[in-house]
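Here is a short note to read beside the structure. Keep the model open and find each residue as it comes up.

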Amino acid sequence: MKKAKLYQMELDKVAMTIDTMEAQVLTIESAINNVKVMEAMKEGSSAMKSLQGNDSSVERVNKILDSVRDTADYAAEIDMILSEPISDISINEEDLFRELEDMHKENDSTRSSEFVFPKVPDGSLKQSVKRSPKRSPKRIPGKEKVEMSVMI
């Protein structure tokens, strides 16, 4: 029994030593991580300094922003000037519509004497167009170009 107690005391000492060593390993790992973090922060600080350079000062940034604001104000002033009427001529819309109707009437009268419209089929389109199964549909040259220009 005495031997067993001595062995137990020795085992307790060894366990405490192992716990102490494990705590030291954790402390060393923490110190290594702290060093890595400090190195990363130092590199980040150096990178920020190199990006900012000597020319990056608060005054310089304010000057650039003032320049941008001045340019935007200038563009707004130009827009306002361009949106103003060119002259003080008052335009009567009724007169303009009457003139437009007269122009349409004149155009319609000259057009009807110059051009004769073709006859339109009375039946449905499927009945009036007969296609043989051997023939492929006709391609209209330039049709693809027209479709592309409409899409643009």
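**Notes on the model**

1. The model you are viewing is predicted.

2. What joins R69 and D66? The two form a salt bridge. Their closest N and O atoms are 3.1 Å apart. The general idea is simple: side chains of opposite charge can pair when their charged atoms come close.

3. How open are these two partners? R69 has a relative accessible area of 48%, so it is partly exposed. D66 is at 41%, so it too counts as partly exposed. To be called exposed, a residue needs over 50%.

4. Now step back to the whole chain. How many helices and strands are there? The protein chain has five helices and zero strands. Read from the N terminus on, its elements run α-α-α-α-α.

5. What share of the residues is buried? Of the 152 residues in the protein chain, buried residues make up 0%. Buried here means under 20% relative accessible area. The chain exposes about 15800 Å². Carbon and sulfur atoms supply 61% of that area.

6. Go back to the salt bridges. The count for the model comes to three. The R69 and D66 pair is one of them. The next points take up R98, in helix α3.

7. R98 meets E94 in a salt bridge, at 4.0 Å from N to O. The cut-off for a salt bridge is within 4 Å. Both residues lie in helix α3. They are four residues apart, about one turn of the helix. E94 has a relative accessible area of 55%, so it is exposed. R98 is at 46%, so it counts as partly exposed.

8. R98 and D95 are three residues apart in helix α3, so about one helical turn separates them. D95 is partly exposed, because its relative accessible area is 36%. Salt bridges that share partners join E94, D95 and R98 into one network.

9. Helix α3 holds another feature to check. It covers residues 93-114, and E106 has its place there. E99, E101, D102 and E106 form a negative surface patch. Is E106 exposed or buried? At 57% relative accessibility, E106 counts as exposed. Residues in a patch like this have no salt bridge.

10. End with a patch of another kind. Which residues form the nonpolar patch on the surface? They are V37, M38 and M41. Together they have about 320 Å² of accessible area. M38 lies in helix α1, residues 2-52. At 53% relative accessibility, M38 counts as exposed.

11. Find the network of E94, D95 and R98. Find the negative patch, which includes E99 and E106. Then find the nonpolar patch of V37, M38 and M41.

Notes. Residues numbered from 1 in each chain as written. Predicted model: local features only at pLDDT ≥ 70, side-chain atom pairs only at ≥ 80, totals over all residues. Heavy atoms only, no water. Patch = residues over 30% accessible without salt bridge, like charges linked within 9 Å, V, L, I, M, F, W, Y side chains within 5 Å. Areas by Shrake-Rupley, 256 points an atom, 1.4 Å probe, with all protein chains shown as cover. Salt bridge = Lys/Arg side-chain N within 4 Å of Asp/Glu carboxyl O. Helix = DSSP H or I, 4+ residues; strand = E, 2+ residues; numbered from the N terminus. Buried < 20%, exposed > 50% of the residue type's maximum accessible area, 1.4 Å probe, protein only. Lys, Arg positive; Asp, Glu negative; His and termini not counted. Charge placed at Lys NZ, Arg CZ, Asp CG, Glu CD.
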